[in-house]
Amino acid sequence: MSEKTPGISFQNRMDNIVDDYRELGNLAIRLNGDVVKLLENYDESVHKSISAGSSTLDIKTINLERVCIRFMATEQPLAKDLLFIESMLRVISHIKRVGHLCAKIADSIRNIRDVAIPKKILNQLALMGEYIGIMLKKSFSVFLNHDLDKARELDRDDDKIDELYDSILNEVTSTMINDAEFAPYIIDTIFLARYMERIADKAVSIGSRTIFMITLKRPGIDE
C-alpha cells in the first residue's frame with residue numbers, strides 16, 4: 001500500500017491542477033461573454049461584474065501558478081508530465097491577460113456608452129466578440145485534450161478576427177470623416193476592437209503552446 005501512495009498523491013494533485021485550470025477557463029469565457037452583452041446593452045452592474053471578475057481571475061491565476069511551481073519542486077514530474085505543467089504555466093499567463101483585456105474593453109465601452117455608434121460597427125464588434133468566445137473555448141479544450149488538429153485550426157480562426165478588425169477600422173475611419181461628432185470617440189472605439197483582437201491572439205498562443213507540447217516543434221518555425 002505504501003508504494004502506491006506517492007502515485008495516488010501525484011495524480012490527485014495533477015487532477016486538482018486540471019480542475020483549477022478548467023475554472024480559470026470558464027471564468028475567462030464568461031468574462032468575454034459579459035463583454036459582448038455590455039457592448040449590446042450597457043449596464044453599470046455588468047461593467048462592475050467584469051472588473052471584479054478580472055480581478056478574481058488575476059488572483060486565481062497567480063494562485064495556480066504557485067501550485068504548479070510547488071508541484072514541480074515537490075513531485076519532480078518527468079517527461080510528459082513535466083512538459084504539461086511547464087506548458088500550463090505559460091497558458092495560465094495567457095488566461096490572466098484575457099481577464100485584463102476584458103476589463104479594458106469594459107472601460108472602453110463605458111466611455112462610448114452615450115455615443116450613437118453606427119449599427120454596422122456595433123454588429124461587427126459583437127460578431128468579433130462571439131467568435132472570440134468560440135476560439136477561447138477551443139483553445140482551452142485543445143490544451144487539455146492534446147488535440148493537435150484543432151490546435152492548428154486556431155491560427156486559421158484568427159484570420160476571421162483579423163478580417164473583422166480591418167473592416168471595423170475602415171468603418172470607423174469612414175464614419176469619422178462623415179460625422180465630426182464621432183471623432184472624439186474614435187480612439188476608444190479603435191482600442192475596443194484592438195483589445196478584442198488581442199484576446200484572439202491569446203487563444204492562438206494557447207494553441208501554439210499545445211502544438212509545441214505535443215510535437216516539441218514551434219508552429220511556423222520548426223514545423
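Guide: A salt bridge here is a side-chain nitrogen of Lys or Arg within 4 Å of a carboxyl oxygen of Asp or Glu. By this rule the count comes to 12 salt bridges. As background, side chains of opposite charge can pair when their charged atoms come close.

The model is predicted, so local features need pLDDT of at least 70 and side-chain atom pairs count only at pLDDT 80 or more, while totals for chains, interfaces and linings use all residues. Residues are numbered from 1 along each chain as its sequence is written, and side-chain values use heavy atoms, with hydrogens and water left out.

The setting comes before the pairs. The protein has 6 helices and 0 strands, which follow one another as α-α-α-α-α-α along the sequence. Helices (H or I, at least four residues) and strands (E, at least two) are DSSP runs, numbered from the N terminus. The C-alpha atoms fill a box of roughly 75 × 40 × 20 Å along the principal axes. Of the 223 residues, 43% count as buried; buried means under 20% relative accessible area, exposed over 50%, and partly exposed in between, with a 1.4 Å probe and protein chains only.

One of the pairs is Arg13 with Glu75, whose closest N and O atoms are 3.1 Å apart. Arg13 counts as partly exposed because its relative accessibility is 26%. Glu75 is also partly exposed, at 22%.

Another pair is Lys60 with Glu23, which meet at 3.0 Å, N to O. Lys60 lies in helix α2 and Glu23 in helix α1, so this pair ties together parts that are 37 residues apart in sequence. Lys60 has a relative accessibility of 30% and is therefore partly exposed, and Glu23 is partly exposed at 39%.

Helix α1 (residues 5-40) also holds Asp34. Asp34 counts as buried because its relative accessibility is 10%. Beyond its neighbours within four places in sequence, Asp34 is in contact (heavy atoms within 4.5 Å) with Val46, Ser49 and Ile50. Ile17, in helix α1 as well, is buried with a relative accessible area of 0%. With neighbours within four places again left aside, Ile17 touches Leu64, Val67, Cys68, Phe71, Ile85 and Met88. The C-alpha atoms of Ile17 and Ile85 are separated by 8.9 Å, although these residues are 68 apart along the chain. For the protein as a whole, 81% of contacts between residues at least 6 apart in sequence join residues at least 24 apart.

A further salt bridge joins Glu86 and Arg90, with the closest N and O atoms 2.7 Å apart. Glu86 and Arg90 are separated by about one helical turn because they are 4 residues apart in helix α3 (residues 79-111). Glu86 is partly exposed at 24%, and Arg90 is partly exposed at 43%. Salt bridges that share partners join Glu86, Arg90 and Arg209 into one network.

Helix α3 also holds Ala79, which has a positive phi of about 45° although it is not a glycine. Ala79 is exposed, with a relative accessible area of 64%.

Some charges lie outside such pairs. Asp155, Asp159, Glu163 and Asp166 gather in a patch of negative charge on the surface. Patches are made of residues with over 30% relative accessible area and no salt bridge, where like charges are joined within 9 Å and nonpolar side chains (Val, Leu, Ile, Met, Phe, Trp, Tyr) within 5 Å. Asp166 lies in helix α5 (residues 148-178) and is partly exposed at 43%.

Over the whole protein, the mean positions of the 30 positive and 35 negative charges are 4 Å apart. Lys and Arg count as positive and Asp and Glu as negative, with His and the chain ends not counted; each charge is placed at NZ of Lys, CZ of Arg, CG of Asp or CD of Glu.

Definitions and conventions
Accessible areas come from the Shrake-Rupley method with a 1.4 Å probe; for residues, only the protein chains shown count as cover.
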